[in-house]
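User: I'm new to this structure and would like to get to know it. Could you walk me through it?

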Amino acid sequence: MPRRYPTPLKILVVGNNPLLLRALRDMLEHWGVGQVASAANGQEAMELLRREPYDLMVTDWVMEPVGGGQLVRWVRGSASCLSPDLPIIVLTANADVATVRAAWDAGADTVLAKPASAATIARRIETVLTNPRRGSRSQAEAGTAKPTNNNTPPPSRPAPARPLSPIHT
C-alpha cells in the first residue's frame with residue numbers, strides 16, 4: 001500500500017470464500033494497515049459492526065445467509081451499526097451494470113470486479129479513504145434528512161474503473 005496512515009486502520013473483510021478472505025487479510029497485514037478482522041458472511045459482519053467501529057469494509061456481494069447488498073444497506077441505515085459512514089468496497093464476480101447499480105444504491109462507495117490485483121485494491125482503498133462519505137447514513141434517509149445550511153452538494157458516485165469486465169492481475 002503506497003501511503004502510511006498516521007493511525008492504524010481497523011479493516012473488516014467479509015466473504016464466504018476462505019481463500020479470498022485469507023489472501024485479503026494477508027495482503028492488508030503485509031501493508032501494515034493495522035488490525036484486520038474477517039467475517040464469513042454478512043450476518044457475522046453485522047455482529048462485529050454492532051460491537052466495535054471499523055475504518056473500512058471490503059465485502060463480497062453474493063453470500064448466504066446475509067449477502068453484501070443486505071449488509072451494506074444495514075450498515076448505512078441501522079442505528080445499531082457503530083460505523084454507519086465507513087467506506088465500503090464491494091468485490092464481486094458479478095460486476096454487471098445491474099449489480100454495480102444495486103451496490104451503489106445500497107450505499108457502497110465503490111465496486112471492484114474479481115479477480116482484482118493487489119495494486120488495484122490498494123488504489124481503491126486509498127481512494128475511498130481519502131474521499132470519505134459526507135455523513136449520509138443511507139440513500140433512503142437522504143430524501144428525509146433535514147436540510148443543512150452549508151450548501152454542500154450531495155456526494156456523487158464515482159464510476160468504477162472497469163465495471164463490466166474483470167480486473168486481471
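Predicted model: local features only at pLDDT ≥ 70, side-chain atom pairs only at ≥ 80, totals over all residues.

User: Which side chain makes a polar contact with the side chain of Thr110?

Analyst: Thr110 belongs to strand S5, which covers residues 110-113. Leaving aside residues up to four places away in sequence, Thr110 touches several others, including Ile88, Val90 and Trp104. The polar contact of its side chain, at 2.6 Å, is with Arg124.

User: Which residue forms a salt bridge with Glu52?

Analyst: The structure has five salt bridges. In the one with Glu52, the closest N and O atoms lie 2.3 Å apart. It links distant parts of the chain, as Glu52 sits in the loop between helix H2 and strand S3, while its partner, 42 residues away, is in strand S1. That partner is Lys10.

User: By about how many helical turns are Asp26 and Arg22 separated?

Analyst: The side chains of Asp26 and Arg22 also meet in a salt bridge, with 3.0 Å from N to O. Asp26 is partly exposed at 35% relative accessibility, whereas Arg22 is exposed at 54%. Because they are four residues apart in helix H1, the separation is about one helical turn.

Definitions and conventions:
Residues numbered from 1 in each chain as written. Heavy atoms only, no water. Helix = DSSP H or I, 4+ residues; strand = E, 2+ residues; numbered from the N terminus. Polar contact = N/O pair within 3.5 Å; in protein donor to acceptor, adjacent residues only side chain to side chain. Contact = heavy atoms within 4.5 Å. Salt bridge = Lys/Arg side-chain N within 4 Å of Asp/Glu carboxyl O. Buried < 20%, exposed > 50% of the residue type's maximum accessible area, 1.4 Å probe, protein only.
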